[in-house]
Structure formats: C-alpha cells, structure tokens
Amino acid sequence: MADLPLDSPRVVALKSRLFPWWDDNARDLPWRFGRATPWGILVSEVMSQQTQMSRVAPYWITWMNAWPDARALAKASTAEVITAWGHLGYPRRALRLQECARVVAEQYDNRLPQRYEELIALPGVGDYTASAVLSFAFGTRIAVIDTNIRRVLSRAALGVESLGGAATVADRKLANDLLPRDSKESNVWNQATMELGATVCTAKNPQCEICPLYEKCNFVAAGKPGLAEGRTRPRQHFKGTNRQVRGLILHALRSKTDMEPVRYQELVKLWPKSAQLDECLMSLDADGLIELLPDKAIRFPK
C-alpha cells in the first residue's frame, strides 16, 4: 500500500496545536466519542441545524431512548414525533427525519448508506449532513463545511474574515486543501475546527487569547481585519411573528396529554388575532404538522 502524501507544513503546524486542544476541551456531548450509532449521529446533526448543541443534547437522549434506530422511528405516529421534537424549533425537520427513517428502514435494511450520493438523496439530508455523517460516523476522509469551520479556516489560514452566506468554491477548495491526508486525523480535524469555531473562534467576539491557533493565526497577525463584518442575516424578531403563533399552537397540542383535539376557542384565547391565527393553522396543516377538523378544532396527524 502506497504511503499517503504528507500534510503541508501549514497543516502540520495547525494540527500540533488543534488536536491537543480538542482532547482537553471537547464538549462531552452524548453522540460523541464512539457512543452513538451512525443513525444516532445523523439524528444529532438534523437536530443541531439552526439549534445550539447544548439545547439538543437532552432532546436527543429522550429521542434515541424512544426510537434507537430508523425502523423504530418509522413506526412512530406523527403525533409522537412532533411532541418529542418539543421546543427544538423548525418542527418540519422532525417530519423529514421520519421520512428519512422510512427510507433507511425500507430501502437500506435499517442501516445508513455509506456513500455520499446515497446519503444526500435521503429526505432532509443536504451536503453538510451527508459529509458530517460520513466523517463522524464512518471515518471517511471528507471535508465537512459549516459556518464555524469556514470561519476558523478563513481566519487562521488566509487571514481574512469569513463572509458567511452559502459556501463558495473557494471555501470548498480551502477546506479540501487543509484536510489532513489520514482519514482518522481528518475526522478529528473536522470535529476540532467545528468545536473551535463554536466555542472560541466565534463570529463577533473571538477569544483569541485562549485560542490554540493564536500564534499561527494569520487573522491575528493581520490585526483582525474586518472582524464580524461578514454577510449576516438580519436579526429576526420573534414576538408577534407567525413563528411565535405556530409555536403556541403546537405547544397547545403537546399539552394535551390524552392527545385530544384542541378547540378553536382555546386557540383564540392564545392568539386573538383571528386572521393571523387562521393563516398559521393553514400553514401547519399544509406542512403536515397538524390536522384541521371540520369545526376548526385541531389535532396531531395520526
């Protein structure tokens, strides 16, 4: 077997600082360090989309205890799935995850596929999730590209601020160029750079003084040009939005321990603006998250 090409001096220098930091500082999340199945890792990735990992952990534990594999989740009722999703936000993800579970159970004999092309074809799985599962669950050498990783690599290697937005061709080239050649090391690299971006090399207030890459960081050497000036999404207000109303409706359903319908009159007490309430009820029904009954009462789909 031919020897792997050597990592560049830049990668070697970054690894020598990043890997020990990971060993000492990685958060002890329940799906890390070989304690989760590939399916469990996929569930954690879907739950972590647009939701902080610290919030995800308790939901993930409860979820995996109830449905430890794809086949178990595929058999669950829609009401059970939406209720268990709780306050993770964007509950359509829960339904897409169950769709994914059905495909995995029926087409792949309850085992996640190990090819990128098959993973990305699963419901609710995009480039990032497919790459993360391949790296974290199967140890495949593949660049994982999320906002945190892009920020760390852009700052440390290029000395420029990450602009945010969708990943560019240049972002992908940089991630692939810096990825260690060894598959095991590439797995650690992906997790460690992501963790560093989430906890230390943050967007607005990076803690450069405690960063393991401080002495080798081109961004620090350049004086942190354009810090936090990248493209960012406008801050979204929550109060009074359809998101708030949809959340109130779903919470009312979850509060019914016997899964009885919630009457329209009860919903009006929660949100008296009937036009907005009706709009949100229609959208939840269209998303498959609730079922509208003839008297405008609602229940979870069966």
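A residue counts as buried when its relative accessible area is under 20%. That cut-off is needed at the first stop of this tour of a predicted model.

**Stop 1: Q244**

Select Q244, which belongs to helix α13 (residues 242-254). Its relative accessibility is 18%, so Q244 counts as buried. Display the side chain of Q244 together with the backbone of G240: a polar atom of that side chain lies 2.4 Å from the backbone nitrogen of G240.

**Stop 2: the whole chain**

Zoom out and show the chain as a cartoon. The chain holds 15 helices and two strands. Along the principal axes, its C-alpha atoms fill a box of roughly 70 × 45 × 35 Å. Of the 302 residues, 46% count as buried. Among contacts with a separation of 6 or more, 64% are between residues 24 or more positions apart.

**Stop 3: the two domains**

Colour residues 1-233 as domain 1 and residues 242-299 as domain 2. The C-alpha centres of these domains are 34 Å apart. Ten residues from domain 1 and nine residues from domain 2 make the contact.

Turn next to the area at this interface. Domain 1 and domain 2 bury about 870 Å² between them, with 63% of that area on carbon and sulfur atoms. Select I82, T83 and R92: these residues supply 43% of the area that domain 1 buries against domain 2, more than any other three residues.

Which residue forms a salt bridge with R92? The partner is D287, and the closest N and O atoms of the pair are 3.6 Å apart. Across the interface of domain 1 and domain 2, the search finds one salt bridge. Two residue pairs are in polar contact between the domains.

Now highlight α5 (78-85) and α6 (92-107), each of which supplies at least two residues of the side of domain 1 that touches domain 2. The most comes from α5, with four residues. By residue class, this side of domain 1 comprises five nonpolar residues, four polar and one charged.

**Stop 4**

Move to A297, in the loop between β1 (291-292) and β2 (298-299). Is A297 buried or exposed? A297 counts as buried because its relative accessibility is 4%. Show P261, V262, R263, Y264, E291 and L292, the residues that A297 touches beyond four places in sequence. E266 is 31 residues from A297 in sequence, while the C-alpha atoms of the two are 9.0 Å apart in space.

**Stop 5: E266 and its salt bridges**

Centre the view on E266, which is partly exposed at a relative accessible area of 27%. E266 forms a salt bridge with K256, with 3.5 Å between the closest N and O atoms. R263 counts as partly exposed, at 48% relative accessibility.

**Stop 6: further salt bridges**

The whole structure contains 19 salt bridges. Select D28 and R35, whose side chains meet in one of them at 2.5 Å, N to O. D28 is exposed, with a relative accessible area of 56%, whereas R35 is partly exposed at 45%. Finally, select D7, K15 and E185, which a network of salt bridges links.

How values were computed: Residues numbered from 1 in each chain as written. Predicted model: local features only at pLDDT ≥ 70, side-chain atom pairs only at ≥ 80, totals over all residues. Heavy atoms only, no water. Domains from an automatic or database assignment. Contact = heavy atoms within 4.5 Å. Buried area = accessible area lost by both parts, 1.4 Å probe. Salt bridge = Lys/Arg side-chain N within 4 Å of Asp/Glu carboxyl O. Polar contact = N/O pair within 3.5 Å; in protein donor to acceptor, adjacent residues only side chain to side chain. Nonpolar A, V, L, I, M, F, W, Y, C, P; charged D, E, K, R; others polar. Buried < 20%, exposed > 50% of the residue type's maximum accessible area, 1.4 Å probe, protein only.
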